[in-house]
Amino acid sequence: MNGHHRVLTLIPAHNEAASLPAVVGELRQRRGDLDVLVVDDGSSDHTTELLRGLGVKWLHWPERRGVGRAVRAGLRYAARQGYDLVVRLDADGQHHVEDIERLLAPLRAGRADVVLGSRFVSRNRARRPSPVQRSLGALLSMITRRPVTDPTSGFWALGPRAVALLAEHHPGGYPEPELHLFLSRNALSVLEVDIQSRERLHGRSSLTPVRLLGAGARVALALIIVPFRGIDGFKQ
Amino acid sequence: MTDRVQVVALAGSVLLLVFVLELVRRRRLAEEYSALWIVSALVLIGISLRRDALDFAARWLGVYYPPAVLVLMLVAITSVASLLFSVILSRQQRQIDRLIEENAIMAAELRELRWEREATARGPAIRPMSEPSLSNPIAAVSASDIVVGATDSGVKARNH
């Protein structure tokens, strides 16, 4: 089913004990062919204990370091273990497992290095981007010179070139907008595909107003800095 | 011709130099981070001794009171030092990040190797989907039944 590609599903998780078993269960049931790696980013609920019983591969550290670093560690694991393709999805259950193949197909066909799932690419969806998402998308579209309809999407797939590069240089913090800039700067071919999304199963987004402000400041800095960085990311 | 501020500045600069060198001698300050402080102390000593250099700098900068240039220099030195510390801090954070990630990956690889070893010891037919644990009592019971005949490391793996 996978052809000659080894595919890893990467799920960063912080305090997602309520929804993680359902997400993993759905993956097992519908996409039993995919390996699953959960990166537990210093959860303080019982996510960590749960992992032992879920039958997945997992990484864990005791303190929270942010979703960007969790994803980077997962990509480093994928690169080390020889996976060709990596799909990232959220642990809160907002992404549909059946959309995974929509993300993987262009990678398998060699049509892109990165496929980004967008919740807003189709105009007849009930969900609309917020004003912040809309203006951030417009700004990123202008800088990267390709349409960015969902700048904060956490559902994407990477091909081998992107896995190797981002295992070293995936941005930390709240990384999704910065990722767009990085991909553009390093001339990786990016494709957006339409995905569905639903409300998260449990809990709330971890993006509190204070964090949002911090993330905004970081994105603003990245907008200025990243286009001037060397190719292949930041050289030490 | 000396005035009091010059004596105090000289004494302070010499004390700074001695203190920095002592910290290096006791290995409390790494050599690579001591350079900024040693150079700063030497510059301050030089300026404290050569009043005319300070006067010249003050005239050039348009400062009416020459010892104010000393204060200005101290502010400049501390600013450069804090910027340097931020750079060092960032580098160390990057190194710690890398270590945490490498450690997590190695722990996962070790865990997976142990599963494989235990599975091989049990035979392929009853290979479990997961490591036995409290949150999965069925797996824990079946594994403890089987592991009796397994190697010591298998038992250790179960108890970690």
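## A loop in chain A with a positive phi

Ala187(A) sits in the loop that links helix H7 (176–185) to strand E7 (190–194) of chain A. This is a predicted model, and in it the phi of Ala187(A) is positive, near 55°, even though the residue is not a glycine. Most residues other than glycine have a negative phi.

Asn15(A) is another non-glycine residue with a positive phi, here about 50°. You'll find Asn15(A) in the loop between strand E1 (7–13) and H1 of chain A. Asn15(A) counts as partly exposed, because its relative accessibility is 31% and that class runs between 20% and 50%.

## Two helices side by side in chain A

Now follow chain A into helix H1 (residues 20–30) and look across to helix H2 (residues 47–54): their axes come within 11 Å and cross at roughly 20°. That angle makes H1(A) roughly parallel to H2(A), since angles under 35 degrees fall in that class. The crossing of H1(A) past H2(A) is right-handed.

Who does the touching? From H1(A) come Leu20(A), Pro21(A), Val24(A) and Arg28(A), while H2(A) brings Thr47(A), Leu50(A), Leu51(A) and Leu54(A). Sorted by type, the residues of this contact are six nonpolar, one polar and one charged.

## The nonpolar cores

The largest nonpolar core holds 31 residues, and those with the most contacts inside it are Leu59(A), Leu75(A), Tyr77(A), Leu158(A) and Leu166(A). Helix H3 (residues 67–81) of chain A gives this core its largest share, six residues. A separate core of 29 residues includes Ile11(A), Trp58(A), Val87(A) and Ala91(A). As a general point, nonpolar side chains in soluble globular proteins tend to be buried together.

Tyr77(A) is worth a click, as its contacts involve both chains. Setting aside neighbours within four places in sequence, Tyr77(A) is in contact with Leu8(A), Leu37(A), Lys57(A), Leu59(A) and Tyr83(A) in chain A, plus Ile105(B), Ala108(B) and Glu112(B) in chain B.

## Around Leu107(A)

Leu107(A) belongs to helix H4 (residues 100–108) of chain A. Leu107(A) has a relative accessible area of 7%, so this residue is buried. Not counting residues up to four places away in sequence, Leu107(A) touches Leu85(A), Ala112(A), Asp113(A), Val114(A), Val115(A), Ala157(A), Leu158(A) and Gly159(A). One of these, Leu158(A), also turned up above among the residues with the most contacts inside the largest core.

For a sense of scale, take Phe182(A): Leu107(A) is 75 residues from it in sequence and 19 Å from it in space, C-alpha to C-alpha.

## Over in chain B

Chain B has its own helix pair. Helix H3 (residues 51–61) and helix H4 (residues 67–122) of chain B pack with their axes 8 Å apart, at an angle of about 80°. H3(B) and H4(B) are therefore roughly perpendicular to each other. The contact involves Arg51(B), Leu54(B), Ala57(B), Ala58(B) and Leu61(B) on the H3(B) side, and Pro67(B), Val69(B), Leu70(B) and Leu72(B) on the H4(B) side. By type, that gives eight nonpolar, no polar and one charged.

Finally, there's Ser40(B), in helix H2 (residues 31–49) of chain B. Is Ser40(B) buried or exposed? Ser40(B) is buried, with a relative accessible area of 6%. The C-alpha atoms of Ser40(B) and Ile77(B) are separated by 7.0 Å, and the two residues are 37 residues apart along the chain.

Key: Residues are numbered from 1 along each chain as its sequence is written. Chains are lettered from A and ligands numbered from 1 in the order in which they are written. This is a predicted model: local features need pLDDT of at least 70, side-chain atom pairs count only at pLDDT 80 or more; totals for chains, interfaces and linings use all residues. Side-chain values use heavy atoms; hydrogens and water are left out. Axes are lines fitted to C-alpha atoms, for helices over the stretch in contact, and angles run from 0 to 180 degrees between N-to-C directions. Helices (H or I, at least four residues) and strands (E, at least two) are DSSP runs, numbered from the N terminus. Angles under 35 degrees count as roughly parallel, over 145 as roughly antiparallel, 65 to 115 as roughly perpendicular and the rest as oblique. A crossing is left-handed if the near helix is turned anticlockwise from the far one by less than a right angle, and right-handed if clockwise. Contact means heavy atoms within 4.5 Å. Ala, Val, Leu, Ile, Met, Phe, Trp, Tyr, Cys and Pro count as nonpolar, Asp, Glu, Lys and Arg as charged, and the others, Gly among them, as polar. Buried means under 20% relative accessible area, exposed over 50%, partly exposed in between (1.4 Å probe, protein chains only). A nonpolar core is a set of buried Ala, Val, Leu, Ile, Met, Phe, Trp, Tyr and Cys residues joined through side-chain atoms within 4.5 Å.
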